[in-house]
Amino acid sequence: MRHALAIARREIESYFGSPIAYAVMTVFTFVSGLFFSNMLVHYVRQAALADAQIQKFGRSEFQLDVPTVVLAQFYQNEAFLLMLAVPLLTMGLVTDERRKGTLELLMTSPVRGIEIAGGKFLGAFAFLALMLLPLVPMFAFMGAGGNWEAGVIASGLLGLLLLGGAQIALGLFVSSLCESMLVAAIGTYGLIVTLQFIDTTGAAEGSVWVRLLGSLSFYARHLNSTRGVVSVADVVYFASYVVLGLFLAQRSIDALRYKRS
Amino acid sequence: MIRLSHLTKNYGAFTAVDDLTVDVREGEVLGLLGPNGAGKTTTMRMVTGFLPPSKGRVRIAGFDLFDHPIQAKRKIGYLPEQPPLYPDMTVRKYLAYVAALKDVPAARTKAAVSLAMERARIGEVADTRIGTLSKGFRQRVGLAQAIVHEPPVLVLDEPTSSLDPQQRSDVRQLILDLKGRHTIILSTHILPEVSGVADRVVIINRGKAMAVDTPANLAGRLRACESVHLEIGARAAASAVSPDAVRESLAALPGVRDVRVHLNPSGTIEARLESGVGVDVRAAAAALVTGRGWQLLGLSGESLSLEEIFLALTRSEVEGGA
């Protein structure tokens, strides 16, 4: 465990020494703010419209609970942003160690493969959590002006962490397969975008394959958390992806030794 | 302390290391000498557990590297050819990180890092980012990294290559200081690098150990392989000197394998003797020339380069097998 923590800590420090991580964090925060304020303004206007209709006609064809709608929409957009951000955070996890020759240090230290994979995962995951931190003041600002449910906010954040964790574990695995960071990033995009949207294929509803693919998909699972629901099944689902990713990464890091380098 | 038995590495049909068996005693410094591509790095990587061998075993301080990798790896400090450094870390943080990986207890980490920096003489750059250091300093940080957990076994892969002469002698001095504290395996492709440091030298070529001996014995064998160059004056006291007479009389000396004679335009005669392994013919040749009353204008032994040593060793092996 000490090894994994040391590796995680070094990983976090290296994020803060890298322009890529700063850029990802800055853009993520900026675009999140943009999404959030745009949505807020849009739905507040809609709500005002609905209020005016009720006053005029005594009824409105749509009823709007602004906080719920904004949060659900916002968290779905954040899931999309994560998909763009995570591969940039994971692409260097193993490829960079190979490039610097420091993989040789790790592999000749009394450290197990799973400690390497676990430490790398923890480092990237902690950075992700830090990246989500600026969302909190945004919610606080909102909470000051209306009836916002802390539960929905929290479940949404948890949902993003779960989704991001699964993406990071898979990105770590892809990074361990690639010699080039760029290829690792592209491969990770391919993998997590596929998993995000795999159930939106045009195949016939209700067929076994559609249900099977649907059960693999991030999208439907993540949707729950944007509405204030995180079930044990959801946690287990995303945790399974983390375990799978770590297992594959560990095997693949170990197999790197067999390659001629 | 280190036992390699029948260590072999195949890459497809190519054999990088072929059935290498060596025992390194505690406190001993073993030099691994060979040209580039001889299999030195592959050997080092197998000894440190980075590369799994195709065949054979490695035992480190009583632990088999494959049955007990964690225990065995705790006993090893390893400086790869390219020092495994993180350019964005400071030297102190980097060494503390390595100490954690190598299971130095947290309470002792600070002291261990200070000691390693002191021994590698990098105290002055403790809080400098590694990326800004010179090559010589980086190499020393690499060395500090290898000794931070005070391992009984040190494996140093070409620790002085790619350094300038001053840095090279600095690093060589550091290694001399480490001698006695660790059992060391050291590789190089330059003979003088090992002769001053190593207790024993393995000469490795195309993955095979060509010779295992002390540097002094190896040097003796090399001297025996010397060729001798003679220059003889054209006018002798008694009679004129003919090249043929020189060749015949020199070839008759015991131990001489081959004589080549060349008549210079100025009238002097140059002769080149090649002696068999284990024979030094310089004294005998000089006695013969002066005994005949010829003028001895020059006599010199020519050392063989590493390249020629390999040739000599390979040739003698072929002859031995034939």
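Modeller: The axes of helix H8 (residues 150–177) and helix H11 (residues 218–226), both of chain A, come within 7 Å and cross at roughly 155 degrees. Axes here are lines fitted to C-alpha atoms over the stretch in contact, with angles from 0 to 180 degrees between N-to-C directions; helices are DSSP runs (H or I, at least four residues), numbered from the N terminus. H8(A) and H11(A) are therefore roughly antiparallel, the label for angles over 145 degrees. This is a predicted model, in which local features need pLDDT of at least 70, side-chain atom pairs count only at pLDDT 80 or more, and totals for chains, interfaces and linings use all residues. Residues are numbered from 1 along each chain as its sequence is written, and chains are lettered from A and ligands numbered from 1 in the order written.

H8(A) contributes A:Ser155, A:Gly156, A:Leu158, A:Gly159, A:Leu163 and A:Ala166 to the contact, and H11(A) contributes A:Phe218, A:His222, A:Ser225 and A:Thr226 (contact: C-beta atoms, placed from the backbone, within 7 Å). By class, four of these residues are nonpolar, six polar and none charged (nonpolar: Ala, Val, Leu, Ile, Met, Phe, Trp, Tyr, Cys, Pro; charged: Asp, Glu, Lys, Arg; polar: the others, Gly among them).

In chain B, H4(B) has B:Ala112, B:Val113, B:Ala116 and B:Met117 buried (20 or more other C-beta atoms within 10 Å of a residue's own). Helix H3 (91–101) and helix H5 (135–147) of chain B are among what covers them. After H4(B) comes B:Arg121, with a positive phi near 55 degrees.

Definitions and conventions. A residue is buried if 20 or more other C-beta atoms lie within 10 Å of its own, exposed if 12 or fewer, and partly exposed in between; C-beta atoms are placed from the backbone. Helices (H or I, at least four residues) and strands (E, at least two) are DSSP runs, numbered from the N terminus. Two residues are in contact if their C-beta atoms, placed from the backbone, lie within 7 Å. Angles under 35 degrees count as roughly parallel, over 145 as roughly antiparallel, 65 to 115 as roughly perpendicular and the rest as oblique.
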